[in-house]
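My notes follow in the order I looked things up.

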Amino acid sequence: MAILELRDLTKRFGETVAVDRFTLSVEKGEFVSLLGPSGCGKTTTLQMIAGFETPSGGTILLNGRDLAKVPARARGLGIVFQTYALFPHMTVEENVGFGLEMRKVPADERRRRIAQTLDLVHLSHLSGRYPRQMSGGQRQRVALARALVIEPELLLLDEPLSNLDAKLREEMQLELRRIQQEAGVTTLLVTHDQSEAMALSDRIAVMQGGRLIQEASPFDAYDRPANGFVSSFLGKSNAIPGHLEGGAAGTKLRCRELTLDGPASGETPGPVLISLRPERIEFTGEAEGIVAGRVSERIFLGDKWLFKVETGLGELLVVRRNSGRREPEVGEAVHLFWQAEHLRVLSAESAE
Ligand code: ATP
């Protein structure tokens, strides 16, 4: 059952179309991310759902109910902002209990729910502290508890982890996922961070220029990107210009003088973009090599090596786990191999 349904949601600011006929539904208990670069319309979409912006067109349904005439405070949503927006003069307990007090929940029920929610976010021991006496990560948990305590039908998260340093952010990603699952709360996250979206979500909606470009599981969006934009936004990708030749015997994928085995592609014959993830490329012997090249750069990244290999096909990035075997040196002649199924044939226009 869909908790949230956006149908052709549109927002114009003068000449700017910030959100363009955006359609998406979020099922009960699901964690969905709106992912895209700065300015693609993520925040505006969230603001319309929250009721802080009025749509120029389209519909927002929450549990089948049209929200057009429902004011923000009556929508019953839990919201966590990038800045946390905690009340500085209130303790953790008071911050978390605020929404319940507004809703006139009786005091004993309030105490029970505050305790339960603080337990969920592992903050019971700090209930008497003020926000200024807490770390960024702890404040983040308070903000989450405050949003969850009202048992919202939908939790909206706007870049909630972007104020934390890299290590804490990673830790909080896992925590956020645990808390979301334990609470069973339907969640919509806005982020420009692809690794965050992938780590947290059941489904990712990739946006560009106010439009929905692809809606898929993290794995499918990464492995089967709809176009070159999604492919490069979700991680490193080699974009190799090629040509799809049609013929009676089927299509042939050509790249310079090479004919490549590739997966069946729905693209029409003509120029194409071949996308190949760096971790799908292996070094191999001359006999098995699909293309020969020379290592122009190699970078040690701790858990893996990154190589740049010059080939006739364009610059290939190769990421490979350090298997403990000898890694090729800069300047060394190498042969590259990949499984045909890992090539993604995209339309050339989608290269941008
Ligand atoms: P970011 O990650 O930088 O917040 P975003 O994807 O959330 O980006 P939005 O903030 O939704 O993008 O903005 C989408 C577009 O709408 C941008 O071109 C932005 O300049 C424009 N925009 C947003 N709010 C307003 C406003 N109040 N008035 C005019 N234009 C706006």
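**Ligand site.** I sorted the shell around the ligand by class and got 3 nonpolar, 8 polar and 1 charged residues. For this sorting, Ala, Val, Leu, Ile, Met, Phe, Trp, Tyr, Cys and Pro are nonpolar, Asp, Glu, Lys and Arg are charged, and the others, Gly among them, are polar. The residues around the ligand are F13, T16, A18, G36, S38, G39, C40, G41, K42, T43, T44 and H192. The top contributor is α1, with 3 residues.

**Basis.** This is a predicted model; I used local features only at pLDDT of at least 70 and side-chain atom pairs only at pLDDT 80 or more, while totals for chains, interfaces and linings use all residues. Residues are numbered from 1 along each chain as its sequence is written. I noted an average pLDDT of 89 for the chain, with 93% of the residues at 70 or above; pLDDT is the predictor's confidence in each residue, from 0 to 100. The model has ipTM 0.94 and pTM 0.88.

**Whole chain.** I counted 8 helices and 20 strands. These are DSSP runs numbered from the N terminus: helices are H or I of at least four residues, strands E of at least two. The C-alpha trace spans about 75 × 45 × 35 Å along its principal axes.

**Record.** An unreviewed UniProt entry puts "domain: ABC transporter" at residues 4-234. UniProt positions are in the numbering used here, feature names are shortened, and annotations may be inferred rather than shown by experiment. I found the end C-alpha atoms of residues 4-234 to be 25 Å apart, and the span to be 36% helix and 26% strand.

**V149.** I located V149 in the loop between α4 (136-148) and β7 (154-158). Is V149 buried or exposed? V149 counts as buried because it has 24 C-beta neighbours inside 10 Å. Leaving out residues up to four places away in sequence, V149 touches V96, G99, L100, R113, I114 and T117; contact means C-beta atoms, placed from the backbone, within 7 Å. From V149 to T44, 105 residues apart along the chain, the C-alpha separation is 25 Å.

Technical notes
A residue is near a molecule or strand if its C-beta atom, placed from the backbone, lies within 6 Å of it. A residue is buried if 20 or more other C-beta atoms lie within 10 Å of its own, exposed if 12 or fewer, and partly exposed in between; C-beta atoms are placed from the backbone. Two residues are in contact if their C-beta atoms, placed from the backbone, lie within 7 Å.
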